[in-house]
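Trainee: I have a structure open here and would like to walk through it with you. Could we take it one question at a time?

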Amino acid sequence: MSKDTLIMPPSPSSSFITRRHALVGGAGLLLAGCDQINASPAVQSVLSLGEKATHGAQRLVTDRNALAREFSRADMSPVFRQNGNRNPGTAEYDALAANNFADWTLNVGGMVAQPLRLSLAQLMAAPRRTQITRHDCVEGWSAIGEWSGVPLGLLLRRAGLSSNAKYVVFHCADSTGGAPYYESIDLIDAFHPQTILATHMNGAPLVVGHGAPLRLRVERQLGYKQAKYVMRVEAVASLDSLYGGKGGYWEDHRGYQWFAGI
Amino acid sequence: MATKFADGEAGGTTTNAQADDSPLIYRTKLPVRIWHWINAWSIFVMLMSGMMIFNAHPQLYWGQYGANLDHPWLVIGNRGTSGFLSVAGIEIPTTGFLGYAQNTANAFPPLVTIPSSYSLAGARQWHFFFAWVLLISATLFMIYNIVSGHLWRDLALNREERSIRHLWHDIKDHARLRFPTGDAARAYNPLQKIAYLGVLFVLIPVVILTGCTMSPTLNAAFPWLAEMFGGRPSARSIHFLCAAGFAAFIVVHLLAVLLAGPLNELRSIITGWYRLPKERVK
């Protein structure tokens, strides 16, 4: 606040406006300063140490096979909100949806000995796991729903995952602003018993808004890792050469943490 | 730390003239001062980045689930350019402060958030870095408290201070803004001790534990964590209430510093040296 405003003659209206302007001006300067600090690459690289420490510490102190809590049907959210992209809206996807995904196939490839090409009927016939879990969105809301599908580990073993593979990438049918959605997880989560490619939600085939015909459930991470509209699963040794190189749409475009364990 | 101790006699005249012959004592030890400033910085960053994280979903719930179509107990929102706060169904207009302020329809306005413009990802980077700073510094300080005896010697209330009569007396003194003087000012007063103990043993542990329940990975490994608070949405509500507790503590703390003599108090928390206020005339 400038000194002038403090020694203004007692004219309430004008002093109010001046003081207010001084306050707003001061606030503007403060914000500009803060924004400059926030935009500094050095500051951002220091802050990212926190993310690395969190990832390392969570892997260190948690049992890698610990199961996320499973709930009963009575605990389920009355309505499970649809979030993110609710329809890929491409001609190709619309055609698949129109035919109830009878012509849809899932490709499992990359660093595997025997690439797989599976129809929805084959996935439905495969051994499955059903779990009622809590979906925790990065924004802060939570919803409990029932998911049923094929354990990812089963498919990866069937395909003969290479011992050099380090990540599993999920390529999706939806995109935002021209950028395709994709996500990736490490092998600890890929082989976790609750990590499934879900074909069903709350006892019924997935609806388009929730990612029909196939959605990833990786129960120990936040919502943006639960890729919808999965078309292709790819085993890779590194994430660097894929899209923006950070392992996911939100990671590449919005700076979200790749490890979404919190 | 030798201190010359002036006797308690005092005239009721100007305080400035007297201040010079009041004894200067070494009151705040180095570890306490270091922790105070590290903690102050991290709490500020945690509050400001936490408010931005809250902006991503400005609603709070009790129970095991909670999303847009459920029943929040607290909402900060806006209708056009009118901001409001709704608590347990009671709505308070807050335009200019919450919901809608600085021409921005965020729950908390740009002036008080990190970063200033909407960025959940950016706020999370700040929040998680300083969460580590807070966790490590609080743990080290807790060890120091116990090992050095600071906890029992300076923070714990003695038998006399624990009596209702004594506490009531201290409350009345605070209400009249009569702060301890002379010898009594060498130690923290009972309400001050309670406030510090509340931060150390309630707010900081609970805010850290509820913060951990935001992690689906930790919740899987340690199921009791979220259950202890009645579910993740409940824990998120408690996390927010702890943040409000920190904010309230900061307001009262800074007010007390201002009323008790800001320069003397600042010197004490920077250098450790504190000038005892002159004994009051009865």
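Mentor: Gladly! Let us begin with a definition: a salt bridge is a side-chain nitrogen of Lys or Arg within 4 Å of a carboxyl oxygen of Asp or Glu. Keep in mind as well that this is a predicted model.

Trainee: With that rule in hand, which residue of chain A forms a salt bridge with Glu227(B)?

Mentor: Across the interface of chain B and chain A, the rule finds two salt bridges. In the one that involves Glu227(B), the closest N and O atoms are 3.0 Å apart. A cut-off of 4 Å applies to such pairs. The partner of Glu227(B) is Arg69(A).

Trainee: Which element gives the most residues to the side of chain B that touches chain A?

Mentor: Several helices of chain B give two or more residues to that side, including H2 (30-56), H7 (216-221), H8 (224-227) and H9 (232-260). Helix H3 (120-148) is on that list too. With nine residues, the top contributor is H3(B).

Trainee: By class, how many residues on that side of chain B are nonpolar?

Mentor: The contact takes 40 residues from chain B and 55 residues from chain A. On the chain B side, 12 residues are polar and five are charged. The nonpolar count there is 23.

Trainee: And how much area do the two chains bury between them?

Mentor: Carbon and sulfur atoms carry 60% of the buried area. There is polar pairing as well, with 19 residue pairs in polar contact between chain B and chain A. The buried area is about 3,800 Å².

Trainee: Turning to chain A, why is it described as more spread out than a compact globule?

Mentor: Chain A has eight helices and 10 strands. For its 262 residues the globule rule gives 18 Å, and the chain is well over that, so it is more spread out than a compact globule. Its C-alpha atoms fill a box of roughly 85 × 40 × 40 Å along the principal axes. The radius of gyration behind that description is 24 Å.

Trainee: How far apart do the C-alpha centres of its two domains lie?

Mentor: The assignment divides chain A into domain 1 (3-39) and domain 2 (58-254). Between the C-alpha centres of domain 1 and domain 2 of chain A, the distance is 51 Å.

Trainee: Which residue pairs with Arg220(A) in a salt bridge?

Mentor: Over all chains, a search of the whole structure finds 18 salt bridges. Arg220(A) lies in the loop between strand S9 (215-217) and strand S10 (230-236), while its partner is in helix H7 (187-190) of chain A, so the pair ties together parts that are 31 residues apart in sequence. The closest N and O atoms are 3.1 Å apart, and the partner is Asp189(A).

Technical notes. Residues are numbered from 1 along each chain as its sequence is written. Chains are lettered from A and ligands numbered from 1 in the order in which they are written. This is a predicted model: local features need pLDDT of at least 70, side-chain atom pairs count only at pLDDT 80 or more; totals for chains, interfaces and linings use all residues. Side-chain values use heavy atoms; hydrogens and water are left out. Contact means heavy atoms within 4.5 Å. Buried area is the accessible area (1.4 Å probe) that two parts lose on being put together, summed over both. A polar contact is a pair of N or O atoms within 3.5 Å; within protein, one must be able to donate a hydrogen and the other to accept it, and residues adjacent in sequence count only if both atoms are side-chain atoms. Helices (H or I, at least four residues) and strands (E, at least two) are DSSP runs, numbered from the N terminus. Ala, Val, Leu, Ile, Met, Phe, Trp, Tyr, Cys and Pro count as nonpolar, Asp, Glu, Lys and Arg as charged, and the others, Gly among them, as polar. Domain bounds come from an automatic or database domain assignment. The radius of gyration is taken over C-alpha atoms; the globule rule is 2.2 Å times the number of residues to the power 0.38.
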